[in-house]
4 protein chains.
Amino acid sequence: MAGSVYGTLFQIMTWGESHGKGIGVTVDGCPAGLPLSEEDIQQYLDRRKPGQSRFATKRQEGDRVEILSGIFEGKTTGTPIAMEIRNQDQRSRDYGNLMDVYRPGHADYTFDQKYGFRDYRGGGRSSGRETAGRVAGGAVAAKLLKTLGIQIRAYTRSVGEIQISPERFNLEEMWNNSLYMPDAEAARQAGEFLNQVMASKDSAGGVVECVITGLPAGIGEPVFDKLDAQLAKAVMSLGSVKGFEIGDGFLVSRSRGSLNNDGFRIGDKGQIIKSSNHAGGVLGGISDGDPVVFRAAIKPTPSIASLQHTVTREGKECDLEIKGRHDPIIVPRAVVVVEAMAALTTADLLLRSMSCRLDRIAGFFGREIGPQ
Amino acid sequence: MAGSVYGTLFQIMTWGESHGKGIGVTVDGCPAGLPLSEEDIQQYLDRRKPGQSRFATKRQEGDRVEILSGIFEGKTTGTPIAMEIRNQDQRSRDYGNLMDVYRPGHADYTFDQKYGFRDYRGGGRSSGRETAGRVAGGAVAAKLLKTLGIQIRAYTRSVGEIQISPERFNLEEMWNNSLYMPDAEAARQAGEFLNQVMASKDSAGGVVECVITGLPAGIGEPVFDKLDAQLAKAVMSLGSVKGFEIGDGFLVSRSRGSLNNDGFRIGDKGQIIKSSNHAGGVLGGISDGDPVVFRAAIKPTPSIASLQHTVTREGKECDLEIKGRHDPIIVPRAVVVVEAMAALTTADLLLRSMSCRLDRIAGFFGREIGPQ
Amino acid sequence: MAGSVYGTLFQIMTWGESHGKGIGVTVDGCPAGLPLSEEDIQQYLDRRKPGQSRFATKRQEGDRVEILSGIFEGKTTGTPIAMEIRNQDQRSRDYGNLMDVYRPGHADYTFDQKYGFRDYRGGGRSSGRETAGRVAGGAVAAKLLKTLGIQIRAYTRSVGEIQISPERFNLEEMWNNSLYMPDAEAARQAGEFLNQVMASKDSAGGVVECVITGLPAGIGEPVFDKLDAQLAKAVMSLGSVKGFEIGDGFLVSRSRGSLNNDGFRIGDKGQIIKSSNHAGGVLGGISDGDPVVFRAAIKPTPSIASLQHTVTREGKECDLEIKGRHDPIIVPRAVVVVEAMAALTTADLLLRSMSCRLDRIAGFFGREIGPQ
Amino acid sequence: MAGSVYGTLFQIMTWGESHGKGIGVTVDGCPAGLPLSEEDIQQYLDRRKPGQSRFATKRQEGDRVEILSGIFEGKTTGTPIAMEIRNQDQRSRDYGNLMDVYRPGHADYTFDQKYGFRDYRGGGRSSGRETAGRVAGGAVAAKLLKTLGIQIRAYTRSVGEIQISPERFNLEEMWNNSLYMPDAEAARQAGEFLNQVMASKDSAGGVVECVITGLPAGIGEPVFDKLDAQLAKAVMSLGSVKGFEIGDGFLVSRSRGSLNNDGFRIGDKGQIIKSSNHAGGVLGGISDGDPVVFRAAIKPTPSIASLQHTVTREGKECDLEIKGRHDPIIVPRAVVVVEAMAALTTADLLLRSMSCRLDRIAGFFGREIGPQ
C-alpha cells in the first residue's frame, strides 16, 4: 500500500523507473478465458511511444513488451499476467548537470524530502516513463471490456487555447494527426501554435477528453467508490493532470437546476433514457447507461529549454538550463494513458458490481433461493 | 468493499440513509491518546445542519451525535470510535407522490437499476444526509491534524457567477454569512442572486475552495495514491460534485511551462521554498510544504419546485412537481463536508508516510541500524 | 486498517468494548434482496449469551440487537447494515482490584505496551465481549449462505481429554446439552469433568469443529487468499484460539502420500467425487465440493479463581485473586463465534469467485463475447 | 484482489507458474535506505532450491534472481522492487501422460472447476514453484527486520514420527543436514526413514517450527489482524500446510488455566517479563516481547510413484502412475518458505504499528502536541 497497486478485483501493481533496467506491471484478477497476445499490449504502448512526431522527443525507447505469465494456449488463465518492457538505453549521462538540482515543476524536491535521496537519472519513479506500466495493464482491461461490448476512447480536446469544434468533430480523424485531435482543422492550428511554443523554448498544456460507451447501468459503488470518484482518482494520479471533471464539469457551478437536470423519457424501444446528458453518464456515482464523458486538464511540460531559477540540494540558488529534447506538450502522449486508467477503473467496478443483488447471484450459481 | 469504507490506516465506515433510524460512522485507526468529546464532533455537524439560513431547508434534523466506543477517560484508545446520530423524524409521508417516479438529477433510477428496488423515502443511501457520517469521521481526523499543527479550511468560492474577490478576501468573514463566503460583498451579492433563483423556483451551483496549511513536505504516495489523486477521489465522491482541480487547475491547460513552473529559492531562514504556488502544494503527488489548495465544482440542487418531465418506474412518462422546501443551493452545506473529506484523506496519508524511510523507522523503534 | 475490518466484498467493521456503551458491527457488501430481521440476528447472539448453563457466567447481558440501517420493507438494500447491542450494565466496580494489575493470560500488558494506557474495566476491546459484533455480522452471512443452499455448523469436539465419539455422533444432540456436544455421553462426561475443574478453582480448554456443506467447487483464491488460509486467519483471530487445522490437520505430518491422497472416482450421478476427504474439502486452497471440515484449539479460560503471581503496572510483583464468576471453559460459547467467522469468510470468497471466468461474466451481463 | 497480493504496508504481488517463462515478485512499501543486493535474495532462494540432497528432486532449476527496479546506488529507494527468476527449462514433455488426468492431492481438479481449463504442465500456478516469489519477497522483509534487530528462524521439527529432541536441540546443526533439522541424531533417523519411504514409492510429511526473536512488544493489531491470525493465514496459504499452531497450540485444549497462564514477574533489569511462554509470544494477538513460536503441519508430497486411482477430465476412471523424480518430502524445502512468510507478515505489522499512539506520532514528525 505504498501507492503502486491499483484496483480491488481487477488489480495491477506497476514497477520501474526511468533509466533503470525496465518498466513493468502485473495484472491480478483478469478473468480466465480472454484471448490475449503481446500484440494486444504493444498496440497500446506504441500510442504513448515518443518519437512519433515533431512534437515528441526523439529518444527511441523501443518499448517491446514481453508477457511472462498468466497465458496458456493464447488465453488468460485467471492468474497474474506479468508484463515487462526492458529499457534499451539506460545511459544517464544526459542528466549529469541535473545531479544536485531540483528541477521546477518536477518531483525531485518532494521525493528527496520523502525518501532522503536524489535519483538524478531523469526523475526515477516520478518520470512519465512510469505510465508505460499503466498502459500495458490498461490494454488488458480494455480488451476485456471490448470483448463485453464496452468501448473506451480518449482524444485531445484542446491544446492551449485551441479547442476541437463540435461541428467538425470526427472521432476517426484523431488517427490522422500526431496530436490525436478528432478535428483536422483544430489539429492544424494546434500544430502551428506548438511550433511557436517550441521556438520560444517553452511548452504548452491542454485537455484530454474520454468517452466510455456500452457500459450497462448500475456500475459504480455508492458513497466512497462512486464511478466518477474512482475515475477522478485514476486520472488525477497522472503526474501532469491538475484537474478532472465529468459531464458539464465546472460549468455546473454557473448553471441552474432546471437546465442541469437531465429529464427522463421513454425511448423508441420502450426503454428509459435521459433526454440530455449534462451528468456525463453518472447519477449518484452509478452509471446510468448513457456515455460516460470526462476530461482531464494537463499542465505544460515542466522540462523547458529556457533558463529557470532554482536551488541545489545543498541549498544554493542557481540557474538551470535543461538540455536535450523534451516534448513541448504532454497531451498527445497522455491520451492513451487516460484511456488505460479509465479501462482499469471501469473493469474493476464492472466486476465489483456482480455481487450486489441476491437474485442475480443465485442465478449465477444456478441455485434456487431457498426457504428463509 | 461495497463503497462505504474509506482510508487505509485512518479508516472510516459510514452507514445510514435518509428517513431510516439514523446515520453513523465508525473510525478505525485513530491513534490512542487524542482528547475527544462529543462536542468536538457536534461543532462540525452543526455546520452542515440545515435550517440555519433562509437558503437552507427548514426541517429540523437536530443531529445530536453520540460516541459509543473508543474513548476512555476522555481520550481515544486506538480502537474503533463508533458514532451515531439518531434521526428524530422518520416520517416519510412527504415523499408519497414520489414513490414510483425517478426524479431528474437524483440517483433514484441508477439505484433501482443496481439494486432492484426504489427507496422512495427521500433518496435513501444516496441522500445528502449520508454525508453526516463523513463529517463526524472528518471531525476526528481534523482534531488529530490540528493537534499536530495541520489546519484545513474550506469556504465558498463562488455562487453561480458571483465569485469572491482576492482583494476583499478575509477568511474569518466566512463565519458572518450563511453562505460561508470569506468576502462580505460577494456574500451580499450572492444572497440577492439566490433570492431571484428561489423566486423562479430554480436552484444554483457554485465552487468550494479548500486550503490545507502546516502539512510537512513528503506526504502522499507516488504513482496511484498521490495526495492530489486521493483528494480528488475524496471530493468527487460527494454526490453533487462534478469537477475537481488543484492549484491552477484547468487554467494550466492554457498556460506555458515558463509561467506554470514554480521556481525554487532560499527563504529567510535558509529553507528551500517555492517562489509561487501554481502547483497547489503538490509535486509528483507529494506535498511540498506549501499550502495545498483545491476546488470542487458543485451542481445546482436537483430538487426544484418547477415542473419537470420524467418517467415512472413502470415506464410511463409524467410531469413531476417536487413539493416541500429544498435548499436552492447545496454549496454552503457542502463546505464542511469538503473539509471533512480533506481531513480524512490528509490524516490517512500522513500516517502512511511514516514507514517510508529506514533511518526514521529505526529512530522510531529506538533501534540501531544493525550490520547488514 | 487498524484491525477492526474483515472481508473484501462482504465486509464488516466491528466496534465496542466490555463495559462501554455497547457493541456493534456494520456489514457492507451484503447483496440486496435478502429477507433479514432482528430475530435472524438475535438467534445467533443468544447462542453466545452467557448465563445459559452452570458452566457459563451468570451475568445477564441481555444482548438485544437493533438493526439501524440497510433494511427496507424487510429486505436488505445492498447498503450498510448497522447493528448495535447496548450494554445494559456498564458498572465496572467489580474490576476495581484489577486496576493496575496485568492479568496472566489476558492482553492487559500488551495493550498497555501498544497504546499506553490500561483499560481496567474487564479487558476493553480485548474482551471476549468483542465477539458479539462478529456473531451479529456472521448471522447475516450465514443467512445469505443458507438462502443459497450452503450450511455451516460448528460444535464442541472435545473438552479437555474428553472427545466426541464417531459412533455416537449425532449433530442434533448438540442442542440438548449446554456444551453443544453432538454426543450425549461425551457431554455427560465433560460436565462431570468441568465440575471437578470448577471445584479446583481452575479452567479447561477444548476443541471446536466446524463443517461447511453445500459449497460449490471453485471457491477460494489461489496463492495468498486460499479458502483454508482465510479460514485460519478468521478463526485464529479469536483471542482464545491457539491452533487451527483443516481435514486431517496435524495428523498429516505422520501420514504417507499413499494414505493421505484422496483418489477421485465417478459418483452415482456421473459426477466427479473424491473417495475420501483427508483434505477437508480444499485442494490448492480451492473448495472441491466435499464438506469443508476444520478445527480450532481453544485455551482454558485465563480468568481463574486460584491465586496467581503477576506484576502491577508500576512494576511491582504481587499476587492476584480474580473475583466474580467466570466461565470455567470458553469452548461452548466459542462454537457460534467460530460458525460466524466461517460464514463471513465463506460469503466473502463466494462473492469474490464470481469474477474469475470470462464466459460466466458475459452470461451474467447478458452479453455476447465479442470479436477480439 | 484475486489472491496474489499480500500485505498492507509492506506488500508483495507474485506471479508465474511452473513451466512458464519465469517466476517473480514485486515488493511495494519497503522503506528507502536499506542496502540490498541480488546476493541477499539469492541466499534465500538457494535454500529452497531442489537438487540439494537425495531427498529432493534432481531437476536443476538454477533460479538466478534479477532485481529490475527499486534500487539506486545499492540501496532501496522506497519504490517497487521487481524481481524475477527466469525458468531455464520450460519443457513440459514429462507431463504428457497427465494432460487429461486429475492428480490426487493436487489442485488440478479445483483449478479446472474454477477457471475452466487444465494446465497440465506440472500444476501451473498451484505448483510449489510459485513459492519462489514468496521467498524472494520474504528475503527483503527478513533483511529489513534483521537490520532492526529482529531475527526469524525456521527449521524442521519433525519428519513423520521422528521429532527433534529438546535435549539435543542445536540451532546451528540445521545447516549440517539436508533436512534442516537442528538435531543431528534426529536428522540421521529421519534420513533412514525417508530411504524406506522412497523404497516403497511413497512420501512423508512433517512439521516446521519457526521462532521470531527481537520483536518489540506491541506488534499486531487487535481483533481481526492479530499477529497470530496473520501468521496463520501466511503459513496456511502454502499449498501443503494443513495445520497451524502457536505457543502450546493444540495442547492447550487439554491443559488447565493454572498451567497455561504465563505469570508475569520482574526481570533482572527491572523489566516486566513472563515466567513461561505457553502463549508463544502473543497475548490478545499482540507481541509481548517474548519469542514468537509457531508450527506448521505439512502433508506428504502428493506426487508419488505408486499406482493411484483417479479420473480423467472427461469423467472416466483410470489408474495413474506419476513418472519422473519427486521429493519424497516437502518439509525441508518448506522451511525457508515458512521463514519468508513470517518475515513478510512481521515486517508489515511492524510498520502498521507505528501509527497507534499520538505521542509517538508527534515525536516522529517533530511536532508539539498542540492546544486542543
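Biologist: How many bridges pair strand 2 of chain D and strand 3 of chain D, and in which sense?
Modeller: In this predicted model, those two strands of chain D are paired over 6 bridges in the antiparallel sense. One residue pair is D:Thr14, whose bridge partner in strand 3 is D:Val25.

Biologist: What about the turn between strand 2 and strand 3 of chain D?
Modeller: The two strands form a hairpin with 5 residues between them, and D:His19 in the turn has a positive phi of about 65 degrees.

Biologist: And which residue of strand 2 of chain D is the bridge partner of D:Val5?
Modeller: D:Val5 has D:Met13 as its bridge partner. Strand 1 and strand 2 of chain D run antiparallel and are joined by 2 bridges. Their hairpin has 4 residues between the strands, and D:Gly7 there takes a positive phi near 105 degrees.

Biologist: Is strand 2 of chain D enclosed or open?
Modeller: It is largely enclosed by the rest of the structure, because 6 of its 6 residues are buried. D:Gln11, D:Met13 and D:Trp15 point one way from the strand, while D:Ile12, D:Thr14 and D:Gly16 point the other way.

Biologist: What is the strand order of the sheet in chain D?
Modeller: The sheet is open, with 5 strands in the order 1-2-3-7-4 and antiparallel pairing. Strand 1 (5–6) and strand 4 (65–67) stand at the edges with a single partner strand each, so one side of each has no neighbour in the sheet. Strand 4 is joined to strand 7 (residues 81–86) by 3 bridges, and D:Glu66 stands opposite D:Glu84 of strand 7.

Biologist: Which helix packs on that sheet?
Modeller: Helix 3 (residues 131–147) of chain D does, touching strand 2, strand 3 and strand 7. The direction of helix 3 makes about 35 degrees with that of strand 3.

Biologist: Changing topic: at what angle do helix 1 and helix 7 of chain D pack?
Modeller: The angle is about 145 degrees, and the axes are 7 Å apart. Helix 1 contributes D:Tyr44, D:Arg47 and D:Arg48, and the residues from helix 7 include D:Arg333 and D:Glu339. The contact residues comprise 4 nonpolar, no polar and 4 charged.

Biologist: How is chain D related to chain A?
Modeller: A rotation of 180 degrees with 0.0 Å of shift along its axis superposes chain D on chain A, with an RMSD of 0.0 Å. That is the relation of a two-fold axis. The C-alpha of D:Met13 is the nearest to the axis in chain D, at 3.6 Å.

Biologist: Which residues have the most contacts inside the largest nonpolar core?
Modeller: They are A:Phe294, B:Phe294, C:Phe294 and D:Phe294, in a core of 373 residues. D:Phe294 touches, among others, D:Val208, D:Leu231 and D:Phe244.

Key:
Residues numbered from 1 in each chain as written. Chains lettered and ligands numbered in written order. Predicted model: local features only at pLDDT ≥ 70, side-chain atom pairs only at ≥ 80, totals over all residues. Heavy atoms only, no water. Core = buried A, V, L, I, M, F, W, Y, C linked by side-chain atoms within 4.5 Å. Buried < 20%, exposed > 50% of the residue type's maximum accessible area, 1.4 Å probe, protein only. Contact = heavy atoms within 4.5 Å. Axes fitted to C-alpha atoms, helices over the stretch in contact; angles between N-to-C directions. Nonpolar A, V, L, I, M, F, W, Y, C, P; charged D, E, K, R; others polar. Pairing = 2+ DSSP bridges. Least-squares fit on C-alpha atoms with pLDDT ≥ 70 in both. Lists of a residue's contacts leave out its neighbours within four places in sequence.
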